Amino acid sequence: MILSRIIHHLRTQNWTAIALEFLIVIAGVVIGFQVTAWNEARQDRQEAQLLVAHIATELDQSLQLIDEEMPFGREAVAATRAAHDMLVAGLVDETTRDEFEHNFRQNGLSEVRFHQSALEVFVNSRAANSVTSPSLRLAIARYYGFVLLEREKEILLLDDFTDLYSDLFNQIDVDGDYYETSHLRGDITALNHDPALARTLLQIHFRQQLQLGRLELVRATIIDLRELIQAEQGGAPDLGPPTPAGEGEPGAEQG
C-alpha cells in the first residue's frame, strides 16, 4: 500500500508527499524497534527477578547445610583435641581404650557445600543487567567469585586433610584396616607420648578449626547476600536462630 503510493507520487513528482511517506515508513520502523526493545527489556527483567528468587532459594539451602554441618564440625574439633591430650598425658590404656577410639575416629572434616545452579546462570545471563539495583548485581557477582575461590580452597584443604588422615591411621592401626576397631594395636599403651602421632592429631585439629572458621565465614557471607536480596524483594528473611557468639571460631574449644 505504502509502496504503491510512493510510486504514484514519483510519477506525479509530488516530492512533499514522497517525503511524508518516507517519514511515515521510518517512524514505523523506529517504533517497531522500540516496541521490540521494550518487550525484550520486560522479558529480561522478569528473567532476572526469577533468577534472583532462585538464587535466594539456593542461599537458603546452602545455609541449611552449613547449619547442619557445624555441630558435627565442633564435635570433631573437640574429639581430636581430646585424643591428642590423652596421648600427651599418657592416659591411653585398656580402661580408656573405648574413649580414645571414639575420639580419634571423630576426626572428619565438615565440607562447605554450595548450591549455585541459578547463580551460574545469572552471572552468564544478559538478564543480569536488568536487575534494578546495581549494588545487588555487584553483590551477586562478588558472591560468585567468593564461591569459586572457596571451592578451590576446599579442594586443597581436603587433599591435605586426607593425607593427614591416612598418616593418623597408619600410626595407630597395625595393618591399615582403618575401619575395624579390632585391628587397633594390641598394646595400646604404646601410643602414649608418641610425638609423631600427637603431632598428626594436632595438625588435624588445627585444620578442623580452620574449616570451622570457613563455615562461619561462608555462613556470614550468605546471610549478607540473602538480606540484600530480601531487601530488594521486600520483607525480612527467616534465617533461623543465630549461631551463639564464639562458637566455631578458630582457636576456641568446641563441644
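Asn103 sits in helix H3, which spans residues 97-104. The model is predicted. With a relative accessibility of 8%, Asn103 falls under the 20% limit and therefore counts as buried.

**Around Asn103**
- Beyond residues up to four places away in sequence, Asn103 touches Ala79, Thr80, Ala82, Ala83 and Met86.

**The largest nonpolar core**
- This core has 28 residues.
- Ile55, Ile140, Tyr143 and Ile229 touch the most other members.
- At least two residues each come from helix H2 (15-88), helix H4 (117-123), helix H5 (134-172) and helix H6 (195-233).
- Helix H2 contributes the most, with nine residues.
- Ile55 contacts Ala118, Leu119, Phe122, Ile140 and Ile229, leaving aside neighbours within four places in sequence.

**Pro71**
- Pro71 lies in helix H2.
- Its relative accessible area is 43%, between the 20% and 50% limits, so Pro71 is partly exposed.
- Pro71 and Ser110 are 39 residues apart along the chain. Their C-alpha atoms are separated by 9.5 Å.

Note on methods:
Residues numbered from 1 in each chain as written. Predicted model: local features only at pLDDT ≥ 70, side-chain atom pairs only at ≥ 80, totals over all residues. Heavy atoms only, no water. Core = buried A, V, L, I, M, F, W, Y, C linked by side-chain atoms within 4.5 Å. Buried < 20%, exposed > 50% of the residue type's maximum accessible area, 1.4 Å probe, protein only. Helix = DSSP H or I, 4+ residues; strand = E, 2+ residues; numbered from the N terminus. Contact = heavy atoms within 4.5 Å.
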